[in-house]
Amino acid sequence: MTSDTPAAPSGLADALAAGTVVLDGGMSNQLESAGHDLSDELWSARLLAERPEAITEAHLAYYLAGANVAITASYQATFEGFAKRGIRHERAAELLRLSVQLAREAAERARVKGVTRPLWVAASVGPYGAMLADGSEYRGRYGLTVPELERFHRPRLEALAAAAPDVLALETVPDTDEATALLRAVRGLGVPAWLSYTVAGDRTRAGQPLQEAFAPAADVDEVIAVGVNCCAPQDVDAAVETAARVTGKPVVVYPNSGETWDAEARAWSGRATFTPEQVEGWRSAGARLIGGCCRVGPETITSIARTLTA
């Protein structure tokens, strides 16, 4: 497609203009609760090749729990990451497209089970650091230029767009350089997108003020929502207000449970602090696409859905 191809009309964009839409929760915790080992560097993306049915079941659990949007298992799915495992380019492209197809299949199964509300599929596009599998997506500043990051992201964005998701989820972005690269790479694909940073306090993980970080998305027509994910629940409030004020777009938020990840022990510690009641304040501040990320499961999504429709 040429760079001047406009983003396709989005039913999701219309829904965000009209009200609030419920996102799903964490893919990894849902798969782990079903007994799947995600210790591999490919994380949930490994199951695209080995246990695709498990991914469909995870999506279905969230649709049945009340989610309107399922985020695909492609966060850590990249041509480079698959190549490290001996998976050729053509097969990697198939797996990227499969991630969208599995979410579509889950939506069809949800229909059979009686779900009648609108259901959408968001194709996950994780940051460069996710491919490295060393936690650097929570630091950013990889030593790559914006053009280099754009060249990394564009091929898999094209592969995902070819599967016709409803939206591209440019998520867990740690710094403005990578956001700039993603915003360039998404142009002309004919699919709308949301841009979501991972933050600490009132700054990106790389330390940039959120006002500065959100600004580039304001004039990108493809972007239908801007916000934060994979962060502490207490960091959401200020971020929602800033994103809404700076961009004038609907805000997307899906924080972690509030527990803390111990990278050395590879385990979560502490207690969950994310409560469904918090979403009322986020909605009042401009959030229109609300769900959960790591350690947020179907029960919490059900509570969020009930809170937002009460």
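**Close-up views of the parallel sheet and its surroundings**

Strands S3 and S4 pair in the parallel sense over 4 bridges, where two strands count as paired if DSSP finds at least two bridges between them. Helices (H or I, at least four residues) and strands (E, at least two) are DSSP runs numbered from the N terminus. The model is predicted: local features need pLDDT of at least 70, side-chain atom pairs count only at pLDDT 80 or more, and totals for chains, interfaces and linings use all residues. Residues are numbered from 1 along each chain as its sequence is written, and side-chain values use heavy atoms, with hydrogens and water left out.

**View 1. Strand S3 and its two neighbours in the sheet.** On the S4 side, valine 125 has leucine 170 as its bridge partner. On the other pairing, S2 and strand S3 (residues 120-125) run in the parallel sense and are joined by 3 bridges. Within this pairing, valine 69 stands opposite tryptophan 120, and alanine 70 stands opposite valine 121. All 6 of the 6 residues of S3 are buried, so the strand is largely enclosed by the rest of the structure; buried denotes under 20% relative accessible area, exposed over 50%, and partly exposed the range in between (1.4 Å probe, protein chains only). In a regular strand the side chains alternate between the two faces of the sheet. In S3, Trp120, Ala122 and Ser124 point one way, whereas Val121, Ala123 and Val125 point the other way.

View 2. Strand S8 (residues 223-229) has 7 of its 7 residues buried, so S8 is largely enclosed by the rest of the structure. Strand S5 (residues 193-197) runs parallel to S8 and is joined to it by 5 bridges; alanine 193 has valine 223 as its bridge partner in S8. S8 also pairs in the parallel sense with strand S9 (residues 251-254), over 4 bridges. Here asparagine 229 stands opposite tyrosine 254 in S9. From S8 the chain passes through helix H11 (residues 236-247) to S9 in a right-handed β-α-β crossover; right-handed means that, with the strands pointing away from the viewer, the path from the first strand over the helix to the second runs clockwise.

**View 3. Aromatic pairs of the structure.** The structure holds 5 aromatic pairs. Rings of Phe, Tyr and Trp (its six-membered ring) pair if their centres lie within 6.5 Å; planes under 30 degrees apart count as stacked, over 60 as edge-to-face and the rest as tilted. One of the pairs is formed by tyrosine 128 and phenylalanine 152, which are edge-to-face, with 4.9 Å centre to centre and 80° between the planes. This pair links distant parts of the chain, with tyrosine 128 in helix H7 (residues 128-132) and phenylalanine 152 in helix H8 (residues 146-162), 24 residues apart. Tyrosine 128 is buried at 16% relative accessibility, and phenylalanine 152 is buried with a relative accessible area of 8%. Another pair comprises tryptophan 194 and tyrosine 254: the ring centres are 6.0 Å apart and the planes lie at 80°, so the pair is edge-to-face. Tryptophan 194 belongs to strand S5 and tyrosine 254 to strand S9, 60 residues apart. Tryptophan 194 is buried, with a relative accessible area of 0%, and tyrosine 254 counts as buried at 1% relative accessibility.

**View 4. The surroundings of phenylalanine 152.** Tyr128, Tyr142 and Phe152 form one aromatic cluster. Not counting residues up to four places away in sequence, phenylalanine 152 touches Thr78, Glu80, Tyr128 and Met131.

**View 5. Helix H9 and its N-terminal cap.** Helix H9 (residues 176-185) is mostly covered, 7 of its 10 residues being buried. The buried residues are Thr176, Glu178, Ala179, Ala181, Leu182, Leu183 and Ala185. Aspartate 175 caps the N-terminal end of H9, with a side-chain oxygen 3.0 Å from the backbone nitrogen of aspartate 177. A polar contact is a pair of N or O atoms within 3.5 Å; within protein, one must be able to donate a hydrogen and the other to accept it, and residues adjacent in sequence count only if both atoms are side-chain atoms.

Terms used: Contact = heavy atoms within 4.5 Å.
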